[in-house]
Amino acid sequence: MSIEIDWAAFLSVFGAALVGAVAIVLFYALGLRMLVRAGRVPVVTPAEFTDAITVLTEKEIRKAAKQAAKAARKNPLTEGQRTLAFVAAIACFVLCGAAVIGGILLIVIGF
């Protein structure tokens with residue numbers, strides 16, 4: 001009994017996975033960057049777990065929110081530029097989601 005490996009198909013799947021992973025990371029990072037440029041800094045309070053190594057205090061959370069608000073006020077962009085950056089951020093997040101959905105459809109349906 002001999003096992004044959006179709007190396008061309010293997011390289012095709014590897015290439016598709018690599019391109020997909022790079023596209024998802026690129027669109028997400030660019031979307032976050034545009035969101036910050038638009039003056040809408042995402043502040044996410046961490047979840048508290050019983051076995052967490054570091055848990056932020058309420059004071060640290062308030063300080064982070066205050067710094068985010070200060071950074072948003074100091075934004076040198078005009079209102080039109082901020083709106084354009086926000087639209088670009090939403091577009092990047094949509095492209096990121098489309099890449100994820102496309103990958104899932106590729107696995108499930110097998111285009």
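The points below are grouped by topic.

The model is predicted: local features need pLDDT of at least 70, side-chain atom pairs count only at pLDDT 80 or more, and totals for chains, interfaces and linings use all residues. Residues are numbered from 1 along each chain as its sequence is written, and side-chain values use heavy atoms, with hydrogens and water left out.

**Fold**
- The chain has three helices and zero strands, where helices (H or I, at least four residues) and strands (E, at least two) are DSSP runs numbered from the N terminus.
- The order of elements from the N terminus is α-α-α.
- Buried residues (under 20% relative accessible area, 1.4 Å probe, protein chains only) make up 11% of the 111 residues.

**Largest pocket**
- Helix 1 (7–37) and helix 3 (79–108) each supply at least two lining residues, with helix 1 giving the most, seven.
- The lining divides into 11 nonpolar, two polar and no charged residues; Gly counts as polar and Ala and Leu as nonpolar.

**Surface patch**
- Ile 3, Ile 5, Trp 7, Phe 10, Leu 11, Phe 14, Leu 18, Val 22 and Leu 26 make a nonpolar surface patch of about 1000 Å².
- Patch residues have over 30% relative accessible area and no salt bridge, and nonpolar side chains are joined within 5 Å.
- Leu 26 of this patch is found in helix 1.

Definitions and conventions. Patch = residues over 30% accessible without salt bridge, like charges linked within 9 Å, V, L, I, M, F, W, Y side chains within 5 Å. Areas by Shrake-Rupley, 256 points an atom, 1.4 Å probe, with all protein chains shown as cover. Salt bridge = Lys/Arg side-chain N within 4 Å of Asp/Glu carboxyl O. Buried < 20%, exposed > 50% of the residue type's maximum accessible area, 1.4 Å probe, protein only.
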